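This report covers a surface patch and the strands next to it. The structure comes first, then the notes.

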Amino acid sequence: MGADYLPLPRKLTAPQVEQHTEALHLVPLRPFWPWAPTHFYVAPGLVVHVSSEDGEAFDVWAGATHRSALAPLAYLLIDWNRFDG
């Protein structure tokens, strides 16, 4: 996740993750870590990594190639640690 532009939210709930990823495409890979199922989502210029150890609190990391790729996320009601959009 060495992208120039990052949207890093605090822990998200399942409904927030659904809202965060609804406009993205799920990458059809097996879960990355068995103890914390991880999924990757993409959109033009954006990669999002979602994982959870308990299925209730989710870690989300994302990286964008350009600030404009983050524009759709700016309107989500999410508490951001960092948002470069």
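## Nonpolar patch

Phe32, Trp33 and Trp35 make a nonpolar surface patch of about 380 Å². Patches are made of residues with over 30% relative accessible area and no salt bridge, with nonpolar side chains (Val, Leu, Ile, Met, Phe, Trp, Tyr) joined within 5 Å and like charges within 9 Å. A salt bridge is a side-chain nitrogen of Lys or Arg within 4 Å of a carboxyl oxygen of Asp or Glu. Accessible areas come from the Shrake-Rupley method with a 1.4 Å probe, and for residues only the protein chains shown count as cover.

This is a predicted model: local features need pLDDT of at least 70, side-chain atom pairs count only at pLDDT 80 or more, and totals for chains, interfaces and linings use all residues. Residues are numbered from 1 along each chain as its sequence is written, and side-chain values use heavy atoms, with hydrogens and water left out.

## Trp35 and its loop

Trp35 lies in the loop between strand E2 (25-26) and strand E3 (38-43); strands (E, at least two residues) are DSSP runs numbered from the N terminus. With a relative accessible area of 60%, Trp35 is exposed (over 50%; buried is under 20%, partly exposed in between; 1.4 Å probe, protein chains only).

## Strand pairing

E2 and E3 pair in the antiparallel sense over two bridges, where pairing requires that DSSP finds at least two bridges between the strands. His25 stands opposite Val42 in E3, and Val42 stands opposite Val47 in E4. E3 and E4 (residues 46-51) are antiparallel, with six bridges.

## The E3-E4 hairpin

Two residues separate the strands of this hairpin, and Gly45 has a positive phi near 80 degrees. Pro44 is in the loop between E3 and E4 and is exposed at 76% relative accessibility. The C-alpha atoms of Pro44 and His25 are 9.8 Å apart, with the two residues 19 apart along the chain.

Note on methods
Helices (H or I, at least four residues) and strands (E, at least two) are DSSP runs, numbered from the N terminus.
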